[in-house]
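Got a few minutes and a structure viewer open? Let's work through some exercises together, one step at a time.

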Amino acid sequence: MARRGTRGTNAARIIVLGATSAIAIQMCRVLARDGAELMLVGRAALRLEAIAADLMARGARACHVSVQDLSLAADAQRLTAGWVANLGGKVDAVYLFFGILGDQEAARSDLAELEAILVTNFTAAAHWCQAAATILEKQKSGGLIAITSVAGDRGRQSNYAYGAAKAGLSVFVEGIAHRLAPSGARAVAVKLGMVETPMTEGRNGASVLRVSPESIATPLARLARGKSKPIIYLPWFWRPAMLAVRALPVSLFHRSRL
Amino acid sequence: MAWGGLKRDHYPMATLRFADEARGLLASRPLANVLAVGLGRSYGTSNTLSGGALLDMTKLDRILSFDHAAGILRAEAGLSLNDALAVIVPCGWFLPTTPGTRFVTLGGAVANDVHGKNHHSAGTLGCHVRALGLLRSGGEMLELRPGDPLFAATIGGLGLTGLILWVEVALSAINGTNVSGERTAFHALDEFMALAAEAEKTFEHTVAWIDCASTGRAFGRGIFEAANWAQGPLGEVHAPAPALSVPVNAPSMTISHPTVRTFNALHFRVKKAKSGPFRQHYSGFFYPLDAIGKWNRLYGARGFHQYQCVIPEREGVAPVRDMLDAITRTGNASFLAVLKRFGARRSPGLLSFPMEGLTLALDFPNRGALTLELLGRLDDIVRAAGGRLYAAKDARMSRAMFESGYPDADAFARFVDPAFSSDFWQAVSR
């Protein structure tokens, strides 16, 4: 499906993997206001269609949707190339938003749960990143922006499976950034702190540190075309915060229930 | 939590993000257990439900379609007017009518059948709703249009007839983002009536502020404003968020009789000096209070009562005079007293508040029994005149007051969805 808007032709062309995520939706609204052309990828067709209609009304130049279970990445290379072709043969940014928090408690004994967390958040994500990197390297421009998490900065009893997968993804994307540097293409891992989304609903945690998806939408959208370090924290205060968490002595850390 | 801040309870809350989740959230609800809420700008008890669960609609905020040429907007119920305007204004469209804040949701605006400064020319928002999607707790997804009895119950139906999922509204065309008009000081209520009657012939928007702390010769003085949309260009959209915000509850003395009296006297003089033609951006004209975030905190930790009534046309201005008299006599004063003549255009809503006549909106810091006693006196005047109170502003309406003001209340009750309720409805329904 493609709907044509009325904006100019210098529109940013963006692929969003996991476009029904609450954060992706808000970021896409910012991109739509600037007249971007978007390819929205996710599992739920009706939701993607509703999001696409909303983005068109908010100024997107065009909005395509592709229904795909992103935890299955065997065809990543071919599918990504197809989406780029749908966008006119060039892409300015590929955003990777999909992920699952999973149930850490269950993952202690349930191997299927553990595997789902690791495969969705790392193995599949890495495949999609690799596919994007290959295309970006070839076109010598554009950026891969992968959402990871501060949970990957220190293993904690409450979410080390999720944390480990996200830590792995951060390093993977950092490596892609290194690989792409000579070509002029970019890659960045965005370590998010706590954001008010369905993923964090009903969970405890310092609510003063929790930010709204709206508040990080603009900085995320800016990464589509702006330069950035290979690893950034969003909001910024998580960098010093996680520095402090990592510096906590084990004797103290092991007494906490973080 | 309601905007008046009289109660500060927290209620269990579920968030609706996609329309397809709604059926599941409503399924197998006990009786009178759920109420959809938006941005929490209703003042009293119509957006709370003790012992039940609230459904946060603000994330269900997608625009479903926007026809630039015809000016038809269809959007999910949680879309804020703030966001809607950001999209429609640059295309030369505005809401057919707007309340005094843009921080309300479209669904909430329909559920309260809001009115604005153009009521005499445009009627309520409900007059411009072309269709709406309503999900009943039994699982029926209904598309309602004017003429359908359930449509009439849902317009102004306080969210009690089911879950409003989307609304389609006919917008009104604008040629610019400014309004231009006339500001006139008046020194008596009769003078206001004459000004309003004259201005309504040529102006789309009219409203008056009343200095309701004034006594003696100054009694009934105020400032009358009338305006029309000005010709082009389509300039800037409003600032998306308030520049200033009240960080904490102010001391309870902040808004009290002496400060209100002083403020009002000063405000009258300043505005009187600025009499004559004016031209301003729509945000300053329609939404002056939106410039200050969380202004309700100025009333302090005990909160405040809003009181908005309408007096039928045939009663003239006398009941309003009696009310202002009752207020000053008891040493009370309202900070923001607003007077407006509603027009004859009838809303389709069974529980719609506006009727042809005079509406007076007041607010009083909560002083417990003293405030309630005054409001009781005002009730007597309104009831004797055949008027009614506005549920969106109310935290204390009695069943008798509700029934005398809303002759269609019984007809409405038949359309209430059994799973839905609110503290307001618990208080006034049988």
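This is a predicted model: local features need pLDDT of at least 70, side-chain atom pairs count only at pLDDT 80 or more; totals for chains, interfaces and linings use all residues.

**Exercise 1. Check the length of helix α6 of chain B (residues 189-202), then work out how its buried residues are arranged around the axis.**

Solution. 
- Start with the length. The helix has 14 residues, so at 1.5 Å a residue it should span 20 Å. The end C-alpha atoms are 21 Å apart, which agrees.
- Next, pick out the buried residues: B:Leu189, B:Phe192, B:Leu195, B:Ala196 and B:Ala199.
- Look down the axis of α6(B). The buried residues fall within an arc of 110°, so they line one face of the helix.
- Now turn to the other side of α6(B), where B:Ala197, B:Glu198 and B:Lys201 are exposed.
- Finally, ask what covers the buried residues. The cover includes β11 (178-186), β12 (205-210), β13 (222-229), α9 (318-329) and β18 (337-342), which belong to chain B.

**Exercise 2. Take B:Ala318 and decide: is this residue buried or exposed?**

Solution. 
- Count the neighbours. There are 12 other C-beta atoms within 10 Å of B:Ala318.
- Apply the cut-off: a residue with 12 or fewer counts as exposed. B:Ala318 is therefore exposed.
- B:Leu189 is 129 residues away along the chain, yet the C-alpha atoms of B:Ala318 and B:Leu189 are separated by 8.9 Å.

**Exercise 3. Repeat the helix check on α7 of chain B (residues 257-273).**

Solution. 
- Length again: with 17 residues at 1.5 Å each, α7(B) should span 24 Å, and the end C-alpha atoms are 24 Å apart, so the two agree.
- The buried residues of α7(B) are B:Val260, B:Asn264 and B:Phe268.
- These residues cover an arc of only 65° around the axis, which puts them on the same side of α7(B).
- The face turned away from that buried side carries exposed residues, including B:Thr262, B:Leu266 and B:Arg269.
- As for the cover over the buried residues of α7(B), β13 of chain B is part of it.

**Exercise 4. In what order do the strands of the 8-stranded sheet of chain B run, and which strands are at the edges?**

Solution. 
- Trace the open sheet of 8 strands across chain B: β15-β11-β13-β12-β18-β19-β17-β20, with antiparallel pairing.
- Find the edges. β15 and β20 (388-389) each pair on one side only, so these are the edge strands by the way.
- Zoom in on β11(B). It pairs with β15 (residues 276-281) over 6 bridges in the antiparallel sense, and 8 bridges join β11(B) to β13(B), again antiparallel.
- B:Ser180 stands opposite B:Arg279 in β15(B) and opposite B:Asn228 in β13(B).
- Move along to β12(B) and β18(B), which run antiparallel and are joined by 3 bridges. Here B:Trp209 stands opposite B:Val338 in β18(B).

**Exercise 5. Find the hairpin of β7 and β8 in chain B and say which residue there takes a positive phi.**

Solution. 
- Locate the strands: β7 (residues 129-135) and β8 (residues 141-144) run antiparallel and are joined by 4 bridges.
- Check a pair across the two: B:Leu132 stands opposite B:Leu144 in β8(B).
- Go to the 5 residues between the strands. In this hairpin B:Gly139 takes a positive phi near 105°.

**Exercise 6. Which residues have the most contacts inside the largest nonpolar core, and what do the two chains share?**

Solution. 
- The core has 214 residues, and A:Val16 and A:Cys129 have the most contacts inside it. Its largest share, 12 residues, comes from helix α5 (residues 111-139) of chain A.
- Beyond its neighbours within four places in sequence, its contacts include A:Ala24, A:Cys28, A:Leu40 and A:Phe97.
- Now for the interface: 10 residues of chain B are in contact with 11 residues of chain A. On the chain B side, the largest share, 4 residues, comes from strand β4 (residues 63-67).

Note on methods:
Residues are numbered from 1 along each chain as its sequence is written. Chains are lettered from A and ligands numbered from 1 in the order in which they are written. The expected span of a helix is 1.5 Å times one less than its number of residues. A residue is buried if 20 or more other C-beta atoms lie within 10 Å of its own, exposed if 12 or fewer, and partly exposed in between; C-beta atoms are placed from the backbone. The arc is that of the directions from the helix axis to the C-beta atoms. Two residues are in contact if their C-beta atoms, placed from the backbone, lie within 7 Å. A nonpolar core is a set of buried Ala, Val, Leu, Ile, Met, Phe, Trp, Tyr and Cys residues joined through C-beta atoms within 7 Å.
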